[in-house]
Amino acid sequence: MSDLDTQLDELQKRFAAALAQATDERTLEAVRVAFLGRSGEVTTVRRTIGALPPNERPAAGKTINDAVEAMEGKLLEAASSLENRAFETDLAQSIDVTFPAIPAQTGSIHPVRRVIEDVATYFARRGFAIVVGPEVEPDYYNFDALNIPSDHPAREGFDSFWLTDTLLLRPHTSPMQIRTMQEHKPPVAILAPGKCYRRDAVDARHLFQFHQVEGLLVAEGIHFGHLKGMLAGMCRELFGAEQQVRFRPSFFPFTEPSAEVDTTCPKCKGRAGECNMCGGSGWIELGGSGMVHPNVLREVGYDPGVYSGWAFGFGAERIGLTRYEVDDVRRFVNSEPEFLKQLQ
Ligand code: DAH
């Protein structure tokens, strides 16, 4: 190998190594200038031709030109591979606007909330005001004003979470009857939904915190038939067109007469038999009701000789269990979004 060949060979090796190091257009250009530029390494080699005997010069010139050609080829290759890499990086970073979006997590209305809203809507459409009140009540609103004096055994069933000697977490929404009547002259028509608390052990049908919907209508000439009509309509709206209601005699200190309200079991449609929803009776219990006791009317300054009214208080979870055919009330509060989402 001639000196020139060795020199060029070594030069090309260094050139290839420098190219391999070049990571962008700028460093690539620096390599080009250092090797192939006007005062680069190849020019230095070219200058040595002058020192050769004239007959060797053309061959030497061709050798150098071949080497330059090869180097220029490698330079182009390196430039285009850099370009490709940059393009690929660009592509990887760009956003495909046609790619389907990840669906937004929208959540769903809780079934108990849905029950309350549907009951409220039914009564609101019939001119009832929707009212909400405190969850902490003085015993006056919770008991005394509702015709439950302090020595009355009915207090026992409502025994709740006492915060002081006279303040408690309300065990029912009935205090809203008193609050409304004390603030407004008759006629009054309200639907009062809200949370209630009772010292109940939690099981498939009980929670210590639950919801009630309380209804009250007081005006002249109101009788039990009005109550029956309103509740039958409500049940048809909640459960279906064929629903019926039935009243079973009961006792509440704040109503006289008092009744428990049942509606046709929406699962077996009242056919009873083996139904696991109603236990075979064909009826589902909704809660209590009755004609507002004269003592309650007197307490709020209404004349029982002129005004009469009905009231009811139903458990929202109870309605939910029946409406959505859920077998355990705890499922409403267990934070299972996937389960709750199905109950619309
Ligand atoms: N407050 C009663 C309870 O929680 C239910 C009730 C019964 C409400 C009769 C009423 C009513 O408004 O008239 O057990």
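Entry 1, polar contacts. I counted as a polar contact a pair of N or O atoms within 3.5 Å. The model I examined is predicted. I found a polar side-chain atom of Ser-174 at 2.9 Å from a nitrogen atom of the ligand. For Gln-212, I noted a polar side-chain atom 2.9 Å from an oxygen atom of the ligand. Phe-312 takes part through its backbone: a polar backbone atom there is 3.3 Å from a ligand oxygen atom. I then looked up the burial of the ligand, which exposes 360 Å² when taken alone, and of that area the protein buries 94%.

Entry 2, the shell. I asked which residues are the closest to the ligand. They are His-172, Gln-177, Arg-198, Gln-212 and Glu-214, among 16 residues that surround the ligand. By class, I recorded nine polar, five nonpolar and two charged residues in this shell. The ligand sits in the largest pocket.

I next traced the open sheet, in which seven strands follow the order E1-E4-E5-E9-E8-E7-E6 with mixed pairing. Its edge strands are E1 (129-130) and E6 (245-252), each pairing on one side only.

I checked how strand E4 (residues 188-197) pairs with E5: the sense is antiparallel, over ten bridges. For Cys-196, I recorded Phe-210 in E5 as the bridge partner.

Note on methods:
Residues numbered from 1 in each chain as written. Predicted model: local features only at pLDDT ≥ 70, side-chain atom pairs only at ≥ 80, totals over all residues. Heavy atoms only, no water. Near = heavy atom within 4 Å. Polar contact = N/O pair within 3.5 Å; in protein donor to acceptor, adjacent residues only side chain to side chain. Areas by Shrake-Rupley, 256 points an atom, 1.4 Å probe, with all protein chains shown as cover. 1 Å grid on protein atoms, 1.4 Å probe; cavity = no way out; pocket = protein on both sides within 12 Å on 5 of 7 lines; lining within 4 Å. Sits in = over half its atoms within 2 Å of the grid points. Nonpolar A, V, L, I, M, F, W, Y, C, P; charged D, E, K, R; others polar. Pairing = 2+ DSSP bridges. Helix = DSSP H or I, 4+ residues; strand = E, 2+ residues; numbered from the N terminus.
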